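The following note sets out numbered remarks on the structure shown below. Please read them alongside the sequence and the coordinates.

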Amino acid sequence: MNALDPIVAAPLYAKRTAVFPRKIDGPFRRFKWLVMAVCLAVYWGTPWIRWDRGPHAPGQAVLVDLAHRRFYMFAIEIWPQEFYFVAGLLIMAGIGLFLVTSAVGRAWCGYACPQTVWTDLYQHVDRLIDGDRNAQLRLNAAPWGAGKLVRRAFKWSVYLGIAFVTGGAWIFYFADAPTLQRAFWTGTAAPVAYAATGILTFTTFWLGGFMREQVCIYMCPWPRIQTAMLDENSLIVTYKHWRGEPRGSLKEAKGAETPLGDCIDCKQCMAVCPTGIDIREGPQIGCITCALCVDACDRAMASVGRPRGLIDYCTLVDAEREIKGTPARSVMRVLLRPRLIAYFAVWGGIGLVLLFMLGARERLTLSVAHERNPEFVQLSGGAVRNAFTLALRNMEDRPRTLRLAAEHLPQAAIYTDDMDAHAARGSIDVIVPADSTARVRLYAVVPAAAARPQEFAIIASPLDHGGRPVRRETHFMAPERHGDHEHEEENE
């Protein structure tokens, strides 16, 4: 190139080359089938699982009840003030992702990522309707005609059906599934249900049916983040160039002056790759570590009588060992290393803390707010009255009867707005509905002879023997008595 030639900028956009992966069978492909089946079954089936919580709570096993601000997961019920449980689960998910990536690379991307699962599902639809790789290539290159148009329309209709079922399943996590389904088809569901289904249907149809590997390569940030998680001891899908090079077909190997490597250049590893990369070029952002190329290469090696593992999970450390002729370490030895043990210890520790907190949490809470304006009222007979607002939260799925009493407040009598002041007594009973918070306006009256500023506690005791009493410290406000003040000075 002449130094005076103008510099031509490289284009920033490259047209997508369609990927038509070939069908393959093997251990990793079967594992991928299993993970896909489990993920789809969990996603589509979970909202329909029933869970009996009694007559006062919803009967859906997993439910995000936004209207009542509750999150139900089988026997667990999370209230808004307990969102730290959800935060803990998200932290565990993040650390778990770090653990898996440090151990086996982008295994999440290759097996369980929603984009991977639905793309894999759509690729199976392609094979079912259009045939395997060669048939798909021929149909893609063929001019548009009636036959191609009909086949494309039918396939895209199947795409749309899968996308609609996917988008529709999502809304069932936020309301009772059977009830919402009836309302959805009769046109009486909330507008947000139709809007959410439409948006998720479109995104599933477009991302899984058409963008596919472009989401993994260009849109997803995880391939960039994962580099901080990998190290020289991470198991990643590796082409063992020291064994495979120089590559050549069996015919070329017979006429070669020097022995060729084990790679017969059949390109089966490229043909089965869902992102269309050539793993022989080394680690790259398009590799999602699904290991389908391992299945394809092992089959090719078996067909020519050569040992498997030309493409396999391997660490950089073990790659160097194999190049030097030293056997690779066992998988167990690779996984039991300090970094992974530390990740697992943190992950397990957070899980144990969450379980302990879940088991030790109180299902009955009490908060007390003293009325500040006025702080107290002196009645005609000299008695002093204070007003309090109580919030009694019953976090169980049954109504509870609680006995309220004032502790360390001599000669006090209490009553509520629902009672006559003359009916005030030492303790009163209130009923708190299931799974709700009851607000009670409570009055405490102390005779003139005993009325003075002092601390005391309000106690709420369950009468069903289903839990421990709860108590909250507060203040009783009263006029300062001259004798009390002199007595305090004498004590000083």
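Two strands are taken to pair if DSSP finds at least two bridges between them. Helices (H or I, at least four residues) and strands (E, at least two) are DSSP runs, numbered from the N terminus. This is a predicted model, in which local features need pLDDT of at least 70 and side-chain atom pairs count only at pLDDT 80 or more, while totals for chains, interfaces and linings use all residues. Residues are numbered from 1 along each chain as its sequence is written, and side-chain values use heavy atoms, with hydrogens and water left out.

1. Strand β1 and strand β2 (residues 70-73) pair in the antiparallel sense over four bridges. Asp-65 stands opposite Arg-70 in β2. The two strands form a hairpin with four residues between them, and Arg-69 in the turn has a positive phi of about 55°. They belong to an open sheet of three strands in the order β1-β2-β3, with antiparallel pairing. Its edge strands, each pairing on one side only, are β1 (62-65) and β3 (76-78). From one strand to the next, the twist averages 10°.

2. The nonpolar cores. A nonpolar core is a set of buried Ala, Val, Leu, Ile, Met, Phe, Trp, Tyr and Cys residues joined through side-chain atoms within 4.5 Å. Buried means under 20% relative accessible area, exposed over 50%, and partly exposed in between (1.4 Å probe, protein chains only). The largest such core has 27 residues, and those with the most contacts inside it are Leu-390, Leu-392, Leu-404 and Phe-476. At least two of its residues come from each of β6 (364-370), β8 (384-394), β9 (400-407), β11 (427-432), β12 (436-446), β13 (454-462) and β14 (470-476). The largest share, five residues, is supplied by β12. A second, separate core of 23 residues includes Tyr-122, Val-125, Ile-162 and Tyr-173.

3. Phe-476 and Ile-459. Contact means heavy atoms within 4.5 Å. Not counting residues up to four places away in sequence, Phe-476 touches several residues, among them Val-384, Leu-409, Ala-444, Val-446 and Phe-456. Ile-459 is placed in strand β13. With a relative accessible area of 14%, Ile-459 is buried. Leaving aside neighbours within four places in sequence, the contacts of Ile-459 are Arg-403, Leu-404, Ala-405, Glu-407, Pro-469, Val-470 and Arg-471. The C-alpha atoms of Ile-459 and Asp-126, 333 residues apart along the chain, are separated by 67 Å.

4. Helices α7 and α8. Axes are lines fitted to C-alpha atoms, for helices over the stretch in contact, and angles run from 0 to 180 degrees between N-to-C directions. The axes of helix α7 (residues 177-186) and helix α8 (residues 191-211) come within 10 Å and cross at roughly 85°. The two helices, α7 and α8, are therefore roughly perpendicular to each other (angles under 35 degrees count as roughly parallel, over 145 as roughly antiparallel, 65 to 115 as roughly perpendicular and the rest as oblique). Leu-180, Ala-183 and Phe-184 in α7 meet Ala-193, Tyr-194 and Thr-197 in α8. The residues of this contact comprise five nonpolar, one polar and no charged (Ala, Val, Leu, Ile, Met, Phe, Trp, Tyr, Cys and Pro count as nonpolar, Asp, Glu, Lys and Arg as charged, and the others, Gly among them, as polar).

5. Helices α1 and α14. The axes of helix α1 (residues 27-45) and helix α14 (residues 292-303) come within 7 Å and cross at roughly 145°. Pro-27, Phe-28, Arg-29 and Lys-32 of α1 make the contact with Leu-292, Val-294 and Asp-295 of α14. Here the residues divide into four nonpolar, no polar and three charged.

6. Cis peptide bonds. The bond from Glu-245 to Pro-246 is cis, with omega near -10°, and Pro-246 is found in the loop between α11 (241-244) and α12. Asn-373 and Pro-374 are likewise joined by a cis peptide bond, with omega about 0°; Pro-374 lies in the loop between β6 and β7 (377-378).

7. Positive phi in loops. Asp-265, a residue other than glycine, has a positive phi near 55°. Asp-265 lies in the loop between α12 and α13 (268-272) and is partly exposed, with a relative accessible area of 28%. For Thr-289, phi is near 60°, again a positive value in a residue other than glycine. Thr-289 is in the loop between α13 and α14 and is buried, at 5% relative accessible area.
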